[in-house]
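Open the model in your viewer and keep the selection tool at hand. This tour goes from one selection to the next and says what is found at each stop.

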Amino acid sequence: MTNRDSSSGKNKFFLVLGILIIIGLIGLYLFFAEQQNPSVTFAPEKEFVTPDTKFDFQSRDKDSGLDLVSIHLLQGDKEIEMFKKDFDKKVDEISKVLGLEKYRLKDGALSIKIKVRDNSWNNWFKGNVVVKTFNYTLDTEPPRITLKSYKHNLKVGGSGLVAFNVSESVKKIGVQANGYFFPAYSPPESDMYLCFFSYPYEFVGRDANLLIKAVDKAGNVRKTGFNYFVSRKNFLNSDIRISSNFLQKKMPGFQDNFPGTTDKLKLFLKVNKELRAKNREKLLSVGRQTEKKPLWSGAFMRLPDSAKSSSFGTYRTYYNQGEKIDNQRHLGVDLASVKGAKVPAANAGKVAYTGWLGIFGQVVIIDHGLGLQSMYAHLSRINVQEKDKVDKSEIIGNTGSTGMAGGDHLHFAILVSGVPVSPLEWWDKTWIRNNIKSKLNLLENNKE
Ligand SMILES: [Zn+2]
């Protein structure tokens, strides 16, 4: 009786102890079996990569810490271990930079598979496991460029056109001339690229280095030279006297651009340097808004019955009360006619910009396609709106003296991807036939 009592008491004790141990173990398991996955980040996630691409791997687990990381590269039936780490003490975080350069890989598809496990007791002591696969296309070859035009006769500050084919799709292509870049465009239904470029006006006394540059989607870069011949001629010099009458008349219109500068001469200098530079930047961005085909034909028109009052490229020295105060290059042709003369579009195109543009006053810019544009500045009146199609000789506005103009005239500029070039060539039908039309004709032959 007593024995039975005591044995049943013992049994109860062990039963309770057993239950407590089980509850304790479950508690312990639940405590160590956190269910938070380790974080994994891997960049870049873009499609195209080169052997130089650097991949940034990061993983973090602040609950139970990281236990195992493995990174494998897969291509075809090849599987290469890029990185493996088995942690023997608690580590919360790892970051690693990985490259492809040491592996012998073929161009084409490849994947990178990442597996990370933490120290959690979750999943019956297997831990929380994250597996991620990233897919890429390896491209080791820079694009190949095949020239289609061979003769390029250039003048400093003048224009050129080069035609070429490229072996693969690209994210950037065009002519690079030191710090300048002239994008090339491939007209619809053609696989040929055409690039209007300039031997920029600033290379009047030194050599520019012109190259065709192509960057494919993976980032491989090709730079190819092409044949060109530059004939050099100095631009004119001229002295400009800034009178106090001019300052009184013109400067109040620019006060809003530099509210802190009340002295009229100081304001003039800021406008002539800083605002001019800002306005040129704007021309570069308008230059990118262009049709991918030529919208024009034949020689460009000059303002009828007008006299040239200032040439392209003229180096102007500004004087105030006999003292030299500034230098700037004049990057258009000034044409004077009667006051408020009607201004015809120099060629067919589409209006890319209308409105106020700082030193240029009221402006119209017409896009003729492939980055070629004409600009009409200091207008008193504008007849067209952005996106309007215009024909050659259609009246787009009237001359005036808005902006930094002393008297009524048209400042006419031709822009190649926003860079001013000499308009003389574009008024000359022989030059166009020999240097431009012959190359645009390649496009027609290429389509057939
Ligand atoms: Zn001008």
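Which residues of the largest nonpolar core touch the most other members? In this predicted model, select Tyr193, Leu194, Cys195, Val363 and Tyr376, since these are the ones that touch the most other members among the 72 residues of that core. The core lies between domain 2 (145–232) and domain 3 (238–417), because both of these domains give residues to it.

Stay with Val363 for a moment and display what surrounds this residue: leaving aside residues up to four places away in sequence, Val363 touches Tyr353, Gly355, Leu357, Met375, Tyr376, Ala377 and Leu379.

For contrast, move on to a second, separate core, which has eight residues, and select Phe57, Val69, Ile71 and Val116, which are among them.

Now colour the chain by domain, using 39–138 for domain 1, 145–232 for domain 2 and 238–417 for domain 3. The centres of domain 2 and domain 3, taken over C-alpha atoms, are separated by 27 Å, and the contact between these two domains takes 13 residues from domain 2 and eleven residues from domain 3.

On the side of domain 2 that touches domain 3, select strand 13 (180–183) and strand 14 (192–198), the elements that give two or more residues to this side. Strand 14 gives the most, with four residues.

Technical notes
Residues are numbered from 1 along each chain as its sequence is written. This is a predicted model: local features need pLDDT of at least 70, side-chain atom pairs count only at pLDDT 80 or more; totals for chains, interfaces and linings use all residues. Domain bounds come from an automatic or database domain assignment. Two residues are in contact if their C-beta atoms, placed from the backbone, lie within 7 Å. A nonpolar core is a set of buried Ala, Val, Leu, Ile, Met, Phe, Trp, Tyr and Cys residues joined through C-beta atoms within 7 Å. A residue is buried if 20 or more other C-beta atoms lie within 10 Å of its own, exposed if 12 or fewer, and partly exposed in between; C-beta atoms are placed from the backbone.
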